[in-house]
Amino acid sequence: MEGGSPQYNPRSVEEVFRDFKGRRAGMIKALTTDVEEFYQQCDPEKENLCLYGFPNEQWEVNLPAEEVPPELPEPALGINFARDGMQEKDWLSLVAFHSDAWLLSVAFYFGARFGFDKTDRKRLFNMINELPTIFEVVTGAAKKQVKEKSSVSNHSSNKSKSNSKMRVSEPQGKFSKASQAKDEDEGMDEEEEDEHGETLCGACGENYASDEFWICCDICEKWFHGKCVKITPARAEHIKQYKCPSCSNKRVRP
């Protein structure tokens with residue numbers, strides 16, 4: 001497996017953090033934008049399956065490594081068995097926090113293997129802790145925290161947080177890209193930057209950036225990078241009501 005290859009060994013704090021971010025992005029993708037494919041692969045009729053995230057931001061559902069002890073710590077075993085016995089959102093949350101635990105174990109495995117001292121370990125943890133957990137991204141808790149944090153300042157400058165997707169010029173409606181719209185009122189750009197500065201993408205969990213195209217789901221009201229949900233500004237102009245991949249895939253499971 002790519003993630004367990006003996007040739008791939010991040011040795012510095014920065015390299016381990018880059019490895020962590022790549023694996024995290026892959027697992028977030030599995031539980032959000034690729035959730036339908038992930039759900040289908042986790043067949044309860046199959047053997048014990050694990051969700052792996054790789055440094056190149058890809059994910060894989062597979063059997064655990066056969067070697068004992070494994071090259072890297074192994075993720076939670078048998079995630080597929082609980083799939084049909086729980087509500088889908090609860091099952092995804094279960095996989096999410098097990099995935100968070102696995103990411104930390106892999107990061108600090110590298111730290112132990114390559115002799116990180118107290119300062120290195122603390123720096124690595126602080127870098128990791130600046131990112132929302134997979135569980136927070138999947139459940140929307142990260143976005144709620146941002147809303148609570150900025151609600152006081154936003155209330156004074158905007159009538160409602162829910163109106164944020166309607167503040168840009170009319171052709172874009174619920175889409176946000178500050179550098180794309182030459183607003184007559186420059187103050188609107190500043191307000192948008194202030195409000196969205198701490199908004200997190202519902203797919204990758206990264207922060208809002210004013211030079212990127214974003215789109216808001218009309219159902220769950222989460223914001224997404226256009227590139228994460230494969231929506232371009234041109235395509236977005238023809239969408240009357242946008243549903244993110246998670247909301248589009250929500251249905252009663254048999």
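Leaving aside its neighbours within four places in sequence, which residues is lysine 29 in contact with?

Analyst: Lysine 29 touches Asp34, Val35, Glu57, Gln58 and Trp59, leaving aside neighbours within four places in sequence, where contact means heavy atoms within 4.5 Å. A word on reading this: the model is predicted, local features need pLDDT of at least 70, side-chain atom pairs count only at pLDDT 80 or more, and totals for chains, interfaces and linings use all residues. Residues are numbered from 1 along each chain as its sequence is written, and side-chain values use heavy atoms, with hydrogens and water left out.

Now to the surroundings. Lysine 29 sits in helix H1; helices here are DSSP runs (H or I, at least four residues), numbered from the N terminus. Its relative accessibility is 25%, so lysine 29 counts as partly exposed (buried is under 20% relative accessible area, exposed over 50%, partly exposed in between, with a 1.4 Å probe and protein chains only). Cysteine 204 is 175 residues away along the chain, yet the two C-alpha atoms are separated by 6.9 Å.

What does H1 itself pack against? One partner is H3: the axes of H1 (residues 13-31) and H3 (residues 88-113) come within 10 Å and cross at roughly 165°. Axes are lines fitted to C-alpha atoms, for helices over the stretch in contact, and angles run from 0 to 180 degrees between N-to-C directions. That angle makes H1 roughly antiparallel to H3 (over 145 degrees; under 35 is roughly parallel, 65 to 115 roughly perpendicular, the rest oblique). On the H1 side, the contact includes Val16, Phe20 and Met27, and on the H3 side Leu92, Trp102 and Phe110 are among the residues involved. By class, this contact has 13 nonpolar, one polar and three charged residues. Ala, Val, Leu, Ile, Met, Phe, Trp, Tyr, Cys and Pro count as nonpolar, Asp, Glu, Lys and Arg as charged, and the others, Gly among them, as polar.

Another partner is H4 (residues 118-129), which packs on H1 at about 30° with the axes 10 Å apart. That makes H1 roughly parallel to H4. Val13, Glu14, Val16, Phe17 and Phe20 in H1 meet Asp120, Arg123, Leu124, Met127 and Ile128 in H4. By class, seven residues of this contact are nonpolar, none polar and three charged.

Finally, a note on confidence: the mean pLDDT of the protein is 78, and 71% of its residues reach 70 or more. pLDDT is the predictor's confidence in each residue, from 0 to 100. Over residues 151-173 it stays under 50. Where pLDDT is low, the predicted coordinates should not be read in detail.

Terms used:
Helix = DSSP H or I, 4+ residues; strand = E, 2+ residues; numbered from the N terminus.
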